[in-house]
Amino acid sequence: MPKDLRSFLQRLEQHAPDEFVRVEREVDPVYEIPAVVRRLQADRRDPAVLFEHVKGARTRAITNVLGSTRLLAEALETTPDRLTQTYIDREDKRHPVQVLGQGPVQEVTITGDDINLYELPIVTNCEKDSGAFISGGVSTVRDPETGVHNSGIYRMMVHDKKTLGMSYEKHTHIGRVHRHAEARGETLDCVVWAGHHPATLLGSQSKIPFGEDEYEVMGGLLEEPLAVVKGKTVDVLVPAYAEVAIEGRILPGARLPEGPYGEFTWYYGLERSSPIMEVTAITFRADAIYHHLFAAHPEHNLTGRLGRESVLYKRVKQSVPSVKAVRMPMSGICRFTAYVQIKKEFDGEGKLAALAALAADPFVKLAVIVDDDIDIDNDSDVLWAIATRIQPDKATFFVQDSAVSRLDPASYSIWSRWEKDTMNTKWAIDATMPIEAPFEERADVPRAIWEKIDLSQYIVPTKR
């Protein structure tokens with residue numbers, strides 16, 4: 001069978017049982033579903049959580065599917081230390097889609113007056129959210145000009161039983177496709193699908209150029225072609241083994257207010273006037289599992305981490321071949337801070353790496369460049385390098401009035417520092433040691449000795 005959400009949950013039960021829990025009691029989609037996960041996180045647990053019974057809903061619900069580095073690793077069937085490189089390797093080994101005549105996602109089809117979004121377990125997440133939002137749904141459109149499918153994850157507010165508000169930035173690929181369709185006065189066919197193997201979500205976050213197909217990246221990450229079927233009411237291909245699909249048309253010239261909404265920054269994204277989608281069909285598997293992405297919490301950040309690390313690594317490496325690894329740490333919400341590890345070959349190379357990192361992704365506000373003896377998975381090690389290896393006036397530089405995310409709480413406009421828009425000052429720290437000047441040597445036990453230590457030969461288990 002092709003890989004899907006169910007095969008992933010089976011893998012967790014076999015390989016990582018502590019990373020998957022079930023809730024049998026009925027839960028309310030308004031606050032209670034995210035409250036259960038929030039309670040787990042307070043107890044330092046981050047499992048995927050399957051809710052078997054959701055009040056008022058026709059399907060089950062799952063959340064926190066990608067809520068930890070371990071779950072990310074299980075999604076790509078690798079280890080945490082190989083995550084980014086595994087993603088990079090598979091992102092470049094794409095598979096064309098496999099078109100099927102029918103698929104489980106359309107076992108139940110609802111159209112016309114029977115359409116009711118409120119029958120899905122769409123969650124109200126944070127205290128001041130303006131309502132229920134689809135957060136883990138992948139929005140897929142087919143560009144009428146090229147015929148290529150484009151996919152991404154965007155917040156979607158439920159306005160009524162047949163209407164969704166769609167929030168995406170102008171620079172996104174879907175924003176461009178919709179803008180062109182709108183200029184022609186045309187509707188834009190769209191499918192929002194939720195619940196599939198988490199590798200498909202990671203593929204939807206790939207930063208491939210406009211005109212390339214995220215469905216093919218998903219196939220690379222799955223290591224098999226993504227199976228798709230034709231939409232029931234729209235000219236868009238739908239992943240055949242998704243759990244739920246919402247078909248519809250994004251209307252030209254129509255806008256409704258949506259938000260506030262708890263965003264990846266862990267602050268509220270403010271109310272916006274956003275495009276709307278008129279729902280034409282809802283299809284799902286007979287015993288479907290709707291995926292709710294736990295917004296404004298780690299799953300929200302981690303889902304987009306690997307796609308951004310991939311493009312960061314590739315673009316920095318074009319300028320600085322000595323780059324060893326990159327990381328967008330949770331301390332920078334997997335967006336605003338970039339750690340770049342290099343095997344420095346000449347003085348000044350750290351600055352080149354910093355400039356490349358700041359330019360690689362508009363979301364990156366801070367780039368920290370370190371030597372290859374620094375563990376970039378350890379914030380404390382990076383901060384130690386900053387604390388001990390730099391002369392701040394020489395190692396730090398700023399780039400004022402740079403383009404950043406509108407959701408950056410500290411962003412400003414060209415007119416005022418206190419008016420929110422898409423500008424901020426980017427900055428970088430070159431925390432690498434000099435090559436040609438002397439510098440202190442790091443003190444440690446000989447690596448050849450401590451790495452070979454087998455602790456079971458030294459430490460006796462404590463008796464209870």
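# Notebook: cavities, pockets and a sheet

I began with the holes and found that the structure holds 3 cavities of 30 Å³ or more. For the record, on a 1 Å grid over the protein atoms alone, a cavity is a set of points where a 1.4 Å probe fits but cannot get out. A pocket is an open set with protein on both sides within 12 Å along at least five of seven lines, and lining residues have an atom within 4 Å of a point. Grid points are joined across faces, edges and corners, and a volume is the space filled by probe spheres set on the points.

**Ground rules.** This is a predicted model, where local features need pLDDT of at least 70, side-chain atom pairs count only at pLDDT 80 or more, and totals for chains, interfaces and linings use all residues. Residues are numbered from 1 along each chain as its sequence is written, and side-chain values use heavy atoms, with hydrogens and water left out.

**Confidence.** I looked up pLDDT, the predictor's confidence in each residue, from 0 to 100. The protein chain has a mean of 94, and 100% of its residues reach 70 or more. Confidence is lowest in strand S16 (residues 268-269), at a mean of 88, and highest in strand S13 (residues 237-239), at 98. My helices (H or I, at least four residues) and strands (E, at least two) are DSSP runs, numbered from the N terminus.

**Cavities.** The largest cavity has a volume of about 50 Å³. I noted its lining as Arg58, Ile110, Asp114, Ile115, Asn116, Glu119, Leu120, Ile282 and Phe284. That makes 5 nonpolar, 1 polar and 3 charged residues. In this count Ala, Val, Leu, Ile, Met, Phe, Trp, Tyr, Cys and Pro are nonpolar, Asp, Glu, Lys and Arg are charged, and the others, Gly among them, are polar. The second largest cavity, at about 40 Å³, has a lining that includes Asp143, His149, Phe210 and Glu212. Its lining divides into 3 nonpolar, 4 polar and 2 charged residues.

The largest pocket holds about 1,100 Å³ of space. Of its 46 lining residues, His171, Thr172, Lys207, Arg308 and Phe363 are the closest to the centre. I sorted the lining by class and got 15 nonpolar, 17 polar and 14 charged residues. Strand S8 (149-153), helix H8 (298-303) and helix H9 (305-319) each give at least two residues to this lining, and H9 has the largest share, with 6.

The second largest pocket comes to about 510 Å³. It has 25 lining residues, and the closest to its centre are Thr69, Pro298, Leu302, Met330 and Ser331. H2 and H8 are the elements that supply two or more of the lining residues. By class I have 10 nonpolar, 7 polar and 8 charged.

**Sheet.** I then traced an open sheet of 4 strands, in the order S1-S2-S3-S18, with mixed pairing. Two strands pair if DSSP finds at least two bridges between them. S1 (20-23) and S18 (289-292) are at the edges with a single partner strand each, so one side of each has no neighbour in the sheet. S2 (residues 48-51) and S3 (residues 60-63) run antiparallel and are joined by 3 bridges; valine 49 has threonine 63 in S3 as its bridge partner. Helix H2 (residues 32-42) packs on the sheet and touches S2 and S3, contact being heavy atoms within 4.5 Å.

Key: Axes are lines fitted to C-alpha atoms, for helices over the stretch in contact, and angles run from 0 to 180 degrees between N-to-C directions.
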